[in-house]
Amino acid sequence: MTADIYIFDRKSVDLHRHRASGKLENHDFLLQEVADRLGDRLLDITRKFPKALDLGSQHELLAQVLGVRGGIEDFTALEYSGSKVTSDETNLIHEELLPVESNSFDLVISNLCLHWVNDLPGTFVQINRCLKPDGLFLAAMIGGESLKELRSALMEAEMEIEGGVSPRVSPLIDVRDAGALLQRAGFALPVADFDRIEVSYASAFDLMKELRGMGETNAVHNRRKSFTRRETLLRAAEIYQEKFLDDEGRILVTFDIIYLAGWAPHDSQQKPLRPGSASASLADFLTPVEKE
């Protein structure tokens, strides 16, 4: 792992999620929707995963949605924590250090938590290590152009009102880079794809309230620590209203959900042929074009 990567302030992430935990059920539509889609993907795999690990869970939603899908019999949940974890707190993850033994799970699954991880490559390596041979890693994370409308409105308003911009929305990974990280971490048969979920709200302030209710407000390490000026927020809401309305007069919001799947290596898995081992030449299948 790389110990000196600080993109996100993990203690702020903890604080935001702790504040949201009491009323999360009022703002969990995205968590619920993505958990359902993860469950459907698990159903598509004709394998059983008796021992499963929910990585980064802050609630029991994923366990409830999955139930016994995938033949899960033993379900363990780990939560991220920005504070130091003691030996008694076995259900917590300190930063990106996974307190899990090697070759101990058939399935590691994660629902909308990994976009707050500082050292994503190191985390993927640890996930691979804690899987049993031929075990599955299945995850969904916010990425791509998620919240692009809010990002644009806030940047334009801050530049107009305050003469400069600061990080207001987290940097997000794209699907191509996510797939490359899976391969780099040693996963076999890595797959990365994404769904775009478009929703609408009455106003930008309703969207911001929803994000706070999900525990998904700004925790970028280099963010401005002071409160956003009232004038800036009002202007951002106006810009959002001017540029991103649907036919019913509601603001549009984009969430790009990146889905990741990779297998811990095993001898039974398909492998590419060695270079030069083909039994036929490509030229044998090409018909030469005759000149007139």
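Author: Leu120, Pro121 and Phe124 are the H4 side of the contact. They meet Ala178, Leu181, Leu182 and Arg184 of H6; contact here means heavy atoms within 4.5 Å. The residues of this H4–H6 contact divide into six nonpolar, no polar and one charged. Nonpolar covers Ala, Val, Leu, Ile, Met, Phe, Trp, Tyr, Cys and Pro; charged covers Asp, Glu, Lys and Arg; the others, Gly among them, are polar.

This is a predicted model: local features need pLDDT of at least 70, side-chain atom pairs count only at pLDDT 80 or more, and totals for chains, interfaces and linings use all residues. Residues are numbered from 1 along each chain as its sequence is written, and side-chain values use heavy atoms, with hydrogens and water left out.

Now the geometry. Two packed helices are described by the angle between their axes and the distance between the axes. H4 spans residues 120–130 and H6 spans residues 175–184. Helices (H or I, at least four residues) and strands (E, at least two) are DSSP runs, numbered from the N terminus. The axes of H4 and H6 come within 9 Å and cross at roughly 45°. That makes H4 oblique to H6. Axes are lines fitted to C-alpha atoms, for helices over the stretch in contact, with angles from 0 to 180 degrees between N-to-C directions. Under 35 degrees counts as roughly parallel, over 145 as roughly antiparallel, 65 to 115 as roughly perpendicular, and the rest as oblique.

Helix H8 has two partners to look at: H5 and H7. H5 (residues 148–162) packs against H8 (residues 230–243) at an angle of about 130°, with the axes 8 Å apart. This pair, too, is oblique. Its crossing is right-handed. H5 contributes Glu149, Leu150, Ala153, Leu154, Glu156, Ala157, Glu158, Glu160, Ile161 and Glu162. H8 contributes Glu231, Thr232, Leu233, Arg235, Ala236, Ile239, Tyr240 and Lys243. The contact of H5 with H8 holds nine nonpolar residues, one polar and eight charged.

Thr232 sits in helix H8. Its relative accessible area is 1%, so it is buried. Buried means under 20% relative accessible area, exposed over 50%, and partly exposed in between (1.4 Å probe, protein chains only). Leaving out residues up to four places away in sequence, Thr232 touches Ala157, Glu158, Ile161 and Glu162.

H7 (residues 204–214) is the other partner. The axes of H7 and H8 come within 9 Å and cross at roughly 110°. H7 is therefore roughly perpendicular to H8. Ala204, Phe205, Leu207 and Met208 in H7 meet Leu233, Leu234, Ala237 and Tyr240 in H8. The residues of this contact are eight nonpolar, no polar and no charged.

Asp54 is in strand S1 (residues 51–55). Asp54 is buried, at 2% relative accessible area. Beyond four places in sequence, Asp54 touches Leu62, Phe75, Thr76, Ala77, Leu78 and Ile109. Asp54 and Phe75 are 21 residues apart along the chain, and their C-alpha atoms are separated by 7.3 Å.

Backbone angles come next. Most residues other than glycine have a negative phi, and most peptide bonds are trans. Asp134 has a positive phi, near 70°. Asp134 lies in strand S5 (residues 131–143) and counts as buried at 17% relative accessibility. Leu147 also has a positive phi, near 60°. Leu147 lies in the loop between S5 and H5 and is buried, with a relative accessible area of 11%.

Last, the whole chain. There are eight helices and seven strands. Of the 292 residues, 45% are buried. Among contacts between residues at least 6 apart in sequence, 79% join residues at least 24 apart.

Mean pLDDT, the predictor's confidence in each residue from 0 to 100, is 83 for the chain, and 79% of the residues reach 70 or more. Confidence is highest in strand S7 (residues 251–263), at a mean of 96, and lowest in strand S3 (residues 92–94), at 59. Over residues 84–88, pLDDT stays under 50, and the model has five contacts beyond four places in sequence for them.

Technical notes. Left-handed = near helix turned anticlockwise from the far one by under 90°.
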